[in-house]
Structure formats: structure tokens, C-alpha cells
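Hi everyone, thanks for making time this morning. Let me put the structure up, and then we can walk through it together.

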Amino acid sequence: MSTINFAAREINCKIVYYGPGMSGKTTNLKHVFSKVPAQLRGEMVSLATEDERTLFFDFLPLDLGSVQGFKTRFHLYTVPGQVFYNASRKLILRGVDGIVFVADSAPNRLRANAESMRNLRENLAEHGIDVRDVPIVLQVNKRDIEGALPTDMIRAVIDPKKELTLFEATAHNGGGVFETLKSVSRLVLDRLAQNK
Amino acid sequence: MIEPSLALYGDAFERVDRHLEELLAATGVRYCLLVDRKGFVLSHKEALWAPRPPALDSVATLVASNAAATAALANMLGERTFSEQTHQGENGTLYVESVGDSALLTLIFDGSVPLGRVKVHTKKTIGQLAAILKELQDAPPIQLGEDFSHGATALLDDLFG
């Protein structure tokens, strides 16, 4: 649950972008960073390898403004998508308030999407939490690539019961980025208001 | 909910503040931060003479992530935890010590401050802070309610369209 500092009148929420390697998680954050007014965002921290793969995480603090006198702030994180960085992914999930699952539309990434969702369930379970207890939004990214798989097919392997709100996106040009962020933010703040 | 929330307010916040102020004076460090395990700053103090601090959000996030990674390493090596971390550079030092299971006390200082002095005073402060944070675990849950939800939605509409 969010960290609330009554004395400083601050509410902080942690949102994590999860998904397979190269699905566009960092690109989402870079777009948010480039479009949000400078006074509302902090520095973007990227711990990446030389070829710009996320090594540990990317981090972007975002101020929403004041709600009922509380300065409300989101901390946006990405996790490294590559399979072998699972220890890092598990650490970044610590204390998560909301998740954006970024799926890749490329035909050869269907299995990677499914494995990443299974990995998310397992990592949450290791923190003692059921995947249904965290607000999650599904973003199907790279809709503009040639041969992009039908959204329904991708959803069938990630969210067969159609429980998650889904957004199509082309994060490299910003399509769907803010719609996704707004949706997960709303879910997180609603839960906070319901004291869950 | 993965982690319990830390709601720092009222008398507890003031006492935390006071202990950080005392620690700052006793050690001569530049900055002193209490950070929760999720990487949020709960309280911070800086010496009057200190230069403008770096982005505290980022410092807190990296300190918490580093502590989490160090704890994972400790487990792999058969330790319950490594309770402190010291990073020494040419001109400055970052010293981080656990405050129970919920927070991290972080001190940043220059070469004129002996690490030994910092460790001695930090130990004492940690005992005091841990007791306060333990009290907070029994505090009643926070009620924000419908109005908060409506206000937050309006903000999201403004910011994200």
C-alpha cells in the first residue's frame, strides 16, 4: 500500500511497468518524461547496460498535485525484461501499488508475453500476494509493426478471462501511453480511497 | 498489499524529526534521511551549511533498491541480512543502516567527518527511531474516502487528458 506521510502531507504510490524484454517498458517512461511539464516530474534514473537494456530499473517520479491537501506523487518504475534478471524484478516489485503489463505484439513474442505474465504471478506470490490483489492494466504495445498479432490472440495467453483493462499502444510515438498510465493511476487511487 | 504502509504523522513525526536533528548536530554530516523500504523519503534533515542536496527522490530510490539487493545477497550467503552499507568516495561517504524491517537511515557526509563517530551516534538514533516506527504499526488505518477519490480523478483528467 502507498506510503502516507501525514506530517509532510504526502501520499506516495509505486507503479511498476512489467513485461518481456524489449516490449517497450522504458519507452513508456521516456515518453512520459518527455511530455510531462518539468515542474511535475523529477529526474529520470536509468540503470541500463551499454546497449540500453534495463539492468536493474528505470525510475521516474511524477507529481500529480494536491488532493485534499495531500501532495500526491507516483513513482514509476520499469523492471528488466530479460529472463536472467529475475532477482532484480523481484526486488522492484517490493511494495508495488499498481502494475502496467506491457505486452509485445511481434509474432515471435507470444510465448515471451505468456512467460512474463507467469513470472509476474510467481514473483508476486513470493511476496505473499495474489495477482488479483494488485491493480493491473494490460498494454498491448507495438501495434504499428508489420505482422502485429491480433490483440485478442495476445490477450488469450496473458489474460484469458478478460479481467484486465486493455490498451493498445505504440509507445515509441506516445500512442496509448498516457491512457494506460491514467487507467492504472485511477485504479491505485481508488483502492487508496477505499483503504485497501 | 505487499508491504505495510508507513503513515508517519503527528507526535511520531515530530519525534523522528527531532532525533534526526540531534544526529545531524552530533555527527556533523551534511544530510540525514529516513527512507522506507519502498524508496520513499519519510523525513530528511540537512545541515545549514550544506550545499543544495541532490534529488532526494532518486537518492531514496537507489538507497532502498541497493539495500534490497544487499539483503538478497546476504540471504544467498546464508546471512539474515547485512544491516549496514558504507560507500566511500574520494570526497564523500554514504552510510546506510537498517531501522528494523521497515526503514533505512541514510547519512551523507564529507571527508572531514570520521566514519567511527557516525556509526556510534547512528546506533543510538536507530534504537530511538525503531521504537517510534514500531508504535506506528499499531496506529489506526487511514481513511481517505470518496472525496479523495473524486479529487484524484479530477487531477488525473487535468494531467493526462
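Let's begin with Lys30(A), which is partly exposed, at 42% relative accessibility. In this predicted model, Lys30(A) has a salt bridge to Glu52(A), with the closest N and O atoms 4.0 Å apart. The two sit 22 residues apart, Lys30(A) in helix H1 of chain A and Glu52(A) in the loop between strands S3 and S4 of that chain. And Glu52(A)? Its relative accessible area is 59%, so Glu52(A) counts as exposed, the cut-off being over 50%.

Now a pair that crosses between chains: Asp97(A), in the loop between H2 and S6 of chain A, and Lys38(B), in the loop between S2 and S3 of chain B. Their side chains meet in a salt bridge at 3.4 Å, N to O. Are these two residues buried or exposed? Both Asp97(A) and Lys38(B) are buried.

Back within chain A, Glu168(A) and Arg143(A) form another salt bridge, at 3.7 Å. Here, too, distant parts of the chain are linked: Glu168(A) belongs to strand S8, and Arg143(A) lies 25 residues away in the loop between S7 and helix H4. Both are partly exposed, Glu168(A) at 46% relative accessibility and Arg143(A) at 22%. Over in chain B, shared partners join Glu84(B), Glu97(B), Lys119(B) and Lys123(B) into one salt-bridge network. Over all chains, the structure holds 17 salt bridges.

On the chain B side, H4(B) gives the largest share of the residues touching chain A, 12 of them. By type, that side divides into 24 nonpolar, 11 polar and eight charged residues. In total, the contact takes 43 residues from chain B and 52 from chain A. The buried area is about 4,200 Å², with carbon and sulfur atoms giving 66% of it.

Val32(A) is in contact with residues beyond its sequence neighbours, among them Leu60(A), Leu76(A) and Phe178(A).

Technical notes
Residues are numbered from 1 along each chain as its sequence is written. Chains are lettered from A and ligands numbered from 1 in the order in which they are written. This is a predicted model: local features need pLDDT of at least 70, side-chain atom pairs count only at pLDDT 80 or more; totals for chains, interfaces and linings use all residues. Side-chain values use heavy atoms; hydrogens and water are left out. Contact means heavy atoms within 4.5 Å. Buried area is the accessible area (1.4 Å probe) that two parts lose on being put together, summed over both. Helices (H or I, at least four residues) and strands (E, at least two) are DSSP runs, numbered from the N terminus. Ala, Val, Leu, Ile, Met, Phe, Trp, Tyr, Cys and Pro count as nonpolar, Asp, Glu, Lys and Arg as charged, and the others, Gly among them, as polar. Buried means under 20% relative accessible area, exposed over 50%, partly exposed in between (1.4 Å probe, protein chains only). Lists of a residue's contacts leave out its neighbours within four places in sequence.
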